[in-house]
Amino acid sequence: MLGKLSRREVAVLLWCPFVVCTGHMLALCGWDGCLVASTKDSLLNTVFVKRGWFWTSTVFWWVVVRYRMEDSVTTRTPLLPLLRRYTITTAAWYVFTQQLWLNVPPLMDLVFVWSGGSCLLDPATTPGTLWLSTSAACRRHGGLWQGGHDPSGHMFLLSLMLMFLLSELPAGSSGGRRRGKHAAFASAAAAARFILWDEPGVLALALTACWTWALLVTAARFHTLPEQTSGLLAAVVAHLSARALG
Ligand SMILES: CCCCCCCCCCCCCCCC(=O)SCCNC(=O)CCNC(=O)[C@H](O)C(C)(C)COP(=O)(O)O
Ligand SMILES: Nc1ncnc2c1ncn2[C@@H]1O[C@H](COP(=O)(O)O)[C@@H](OP(=O)(O)O)[C@H]1O
């Protein structure tokens, strides 16, 4: 329940605004050039961020499954509330960023269209009139998504994933007390076994670092500050709703 936020929950809520402010300071000082691999076609964006909820879900549930296999029954966090919070967070991600069904665009695209935006098509390549109500369809037709307030889907997704992982991860782990530590890096196979099997929390930490980096890049390089802010605020509302209802 939300009643009173713990110190940890406050820290979780402050993390994304802190990263976003850092990104803007880097941009203001002209240091955003050091944010390498910050193009739309980078591996980080195409393979990881654009499939972000998949990676977050897979790594998170793997950590939970693995650690529950080893934790004693009494130290296990109740699974049902965790599942509820995950389901609510997934539903929020879906409603905000994905096309619900044929004629219903994601919430972020509805906000864009309601605020006066539209898809500008090149008449040379797309003759006739075509009304496109989703940014994905507009992109597919080579159009320009312009004129309205376009909440940042990246800012939303990255903040949501970071808040979810930072507040839920300890639920799945009881700390570094796993066996096989000393032999961990004796060979590549042993290292892989250690990370994937013994201590998958390492993967979750790596993912958290990866999302933090991508958030920094997004803040410094993509969208306007109001569009970043609306993406971030929507993520905070989704996160707090999942905590309150889950
Ligand atoms: C070895 C591991 C075994 C683990 C066994 C444990 C159990 C694992 C369960 C795993 C469950 C996984 C379920 C995953 C369900 C999904 O989420 S699938 C869909 C994934 N899709 C995404 O992640 C897409 C994310 N992208 C977006 O939302 C958008 O592209 C964007 C980033 C918001 C940008 O929008 P644009 O319009 O493209 O700008
Ligand atoms: N961290 C990041 N790294 C690379 N590209 C990013 C990014 N954050 C946002 N973008 C890009 O900026 C555009 C706006 O993203 P969004 O509206 O989801 O916030 C998207 O381009 P495309 O629409 O060409 O894919 C997206 O790929």
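UniProt positions are given here in the numbering of this model, with feature names shortened, and annotations may be inferred rather than shown by experiment. With that said, the unreviewed UniProt entry lists His-154 and His-223 for "active site". They span 70 residues in sequence, yet no two of their C-alpha atoms are more than 9.7 Å apart, so they gather at one spot.

This is a predicted model: local features need pLDDT of at least 70, side-chain atom pairs count only at pLDDT 80 or more, and totals for chains, interfaces and linings use all residues. Residues are numbered from 1 along each chain as its sequence is written, while chains are lettered from A and ligands numbered from 1 in the order in which they are written.

**The two listed histidines**

- His-154 sits in helix α7; helices are DSSP runs of H or I with at least four residues, strands are runs of E with at least two, and both are numbered from the N terminus.
- With 21 C-beta neighbours inside 10 Å, His-154 counts as buried (20 or more other C-beta atoms within 10 Å of its own is buried, 12 or fewer is exposed, in between is partly exposed, with C-beta atoms placed from the backbone).
- Setting aside neighbours within four places in sequence, His-154 is in contact with Val-49, Thr-218 and Phe-222 (contact means C-beta atoms, placed from the backbone, within 7 Å).
- His-223 is in the loop between α9 and α10, and it is partly exposed, with 18 other C-beta atoms within 10 Å.

**Ligand 2**

- There are 15 residues around ligand 2, and the closest are Asn-45, Ser-152, Gly-153, His-154 and Thr-218 (to be near, a residue needs its C-beta atom, placed from the backbone, within 6 Å of the molecule or strand).
- Helices α7 (153-172) and α9 (201-221) each supply at least two residues of this shell.

**Ligand 1**

- Ligand 1 has 17 residues around it, with Trp-53, Phe-54, Ser-57, Trp-61 and Gly-153 coming nearest.
- At least two shell residues come from each of α3 (52-70), α6 (135-140) and α7.
- The largest share, eight residues, is down to α3.

**Helix packing**

- The axes of α1 (residues 7-28) and α10 (residues 225-245) come within 11 Å and cross at roughly 170° (axes are lines fitted to C-alpha atoms, for helices over the stretch in contact, and angles run from 0 to 180 degrees between N-to-C directions).
- That makes α1 roughly antiparallel to α10 (under 35 degrees is roughly parallel, over 145 roughly antiparallel, 65 to 115 roughly perpendicular, and the rest oblique).
- Leu-13, Cys-16, Pro-17 and Val-20 of α1 meet Gln-228, Leu-232 and Val-236 of α10.

Terms used
Contact = placed C-beta atoms within 7 Å.
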